[in-house]
Amino acid sequence: MEFKQDQNRIYMENEQGVTIAEVTFPDIKDHVVDINHTFVDESLRGQGIAGKLMVEAAQKLRKENKKAIPTCPYAVNWFKKNTDYNDVLAEKE
C-alpha cells in the first residue's frame, strides 16, 4: 500500500487511477491547516487505512512545522485517541 502526497492531501488510488482513500487538509492561515475530510472506500474498510492516513498527515505537518485544526469527525476522534500527536494540534483561540 502506497500513499501519494499533494500539498494538502494524502491519498491512495486503485489501478484505474480512482481515489480509494484520502485525507485532505487545506490551509486556513499561515502554518495552520483544517483536517476537514477523510475517506476510505468500502473495499478497504476495517483495515486501519484511515488511521494510517492520519499518521501520514500528522507526520507531514510535523515535518513542515504546521499545526492542524481537525473538523472532520474522524480526525477529531483520532486525535483524542492518539495523544502522542497532540503537538500537531493548533492552540484553541
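**Loops, strands and helices in a predicted model**

Q: In which loop does Asn65 lie?
A: The model is a predicted one, and in it Asn65 has a positive phi of about 55° although it is not a glycine. At 60% relative accessibility, which is over the 50% cut-off, this residue counts as exposed. Asn65 belongs to the loop that lies between H1 and S7.

Q: Is His31 buried or exposed?
A: His31 is found in the loop between strand S4 (27–29) and S5, and its phi is near 65°, a positive value in a residue other than glycine. Its relative accessibility is 52%, and because the cut-off for this class is over 50%, His31 counts as exposed.

Q: Which strands stand at the edges of the open sheet?
A: The open sheet is formed by 4 strands in the order S1-S2-S3-S6, with antiparallel pairing. At the edges a strand has a single partner strand, so one side of it is left without a neighbour in the sheet, and this applies to strand S1 (4–6) and S6.

Q: How many bridges join strand S3 to S6?
A: Strand S3 (residues 19–24) and S6 run antiparallel, and within this pair Thr24 stands opposite His37 in S6. On its other pairing, S3 joins strand S2 (residues 9–13) in the antiparallel sense over 5 bridges, with Ile10 opposite Val23 in S3. For S3 and S6, the number of bridges is 4.

Q: Which residues make up the covered face of S6?
A: The uncovered face of S6 consists of His37 and Phe39. Thr38 lies in S6 (residues 37–40), and because its relative accessible area of 18% is under the 20% cut-off, Thr38 is buried. Leaving aside residues up to four places away in sequence, Thr38 touches Glu22, Val23, Met54, Cys72 and Tyr74. The covered face of S6 is made up of Thr38 and Val40.

Q: Which residues of helix H2 are buried?
A: Helix H2 covers residues 73–81, and those of its residues that count as buried span an arc of only 95° around the axis, which puts them on the same side of H2. What covers them includes strand S5 (32–35), helix H1 (49–63) and strand S7 (67–70). The buried residues of H2 are Ala75, Trp78 and Phe79.

Q: Which exposed residues does the face of H2 turned away from its buried side carry?
A: One of them can be checked by its accessibility: Lys81, which lies in helix H2, counts as exposed because its value of 71% is over the 50% cut-off. The C-alpha atom of Lys81 is 32 Å in space from that of Gly17, a residue 64 places away in sequence. The exposed residues carried by this face are Pro73, Lys80 and Lys81.

Q: At about what angle do H1 and H2 pack?
A: The axes of H1 and H2 are 11 Å apart, and because angles from 65 to 115 degrees count as roughly perpendicular, H1 is placed in that class relative to H2. The contact is made by Ala50, Gly51, Met54, Val55 and Ala58 of H1 together with Tyr74, Ala75, Trp78 and Phe79 of H2. By class, this contact has 8 nonpolar, 1 polar and no charged residues. The angle between H1 and H2 is about 75°.

How values were computed
Residues are numbered from 1 along each chain as its sequence is written. This is a predicted model: local features need pLDDT of at least 70, side-chain atom pairs count only at pLDDT 80 or more; totals for chains, interfaces and linings use all residues. Side-chain values use heavy atoms; hydrogens and water are left out. Buried means under 20% relative accessible area, exposed over 50%, partly exposed in between (1.4 Å probe, protein chains only). Helices (H or I, at least four residues) and strands (E, at least two) are DSSP runs, numbered from the N terminus. The arc is that of the directions from the helix axis to the C-beta atoms. Contact means heavy atoms within 4.5 Å. Axes are lines fitted to C-alpha atoms, for helices over the stretch in contact, and angles run from 0 to 180 degrees between N-to-C directions. Angles under 35 degrees count as roughly parallel, over 145 as roughly antiparallel, 65 to 115 as roughly perpendicular and the rest as oblique. Ala, Val, Leu, Ile, Met, Phe, Trp, Tyr, Cys and Pro count as nonpolar, Asp, Glu, Lys and Arg as charged, and the others, Gly among them, as polar. Two strands pair if DSSP finds at least two bridges between them.
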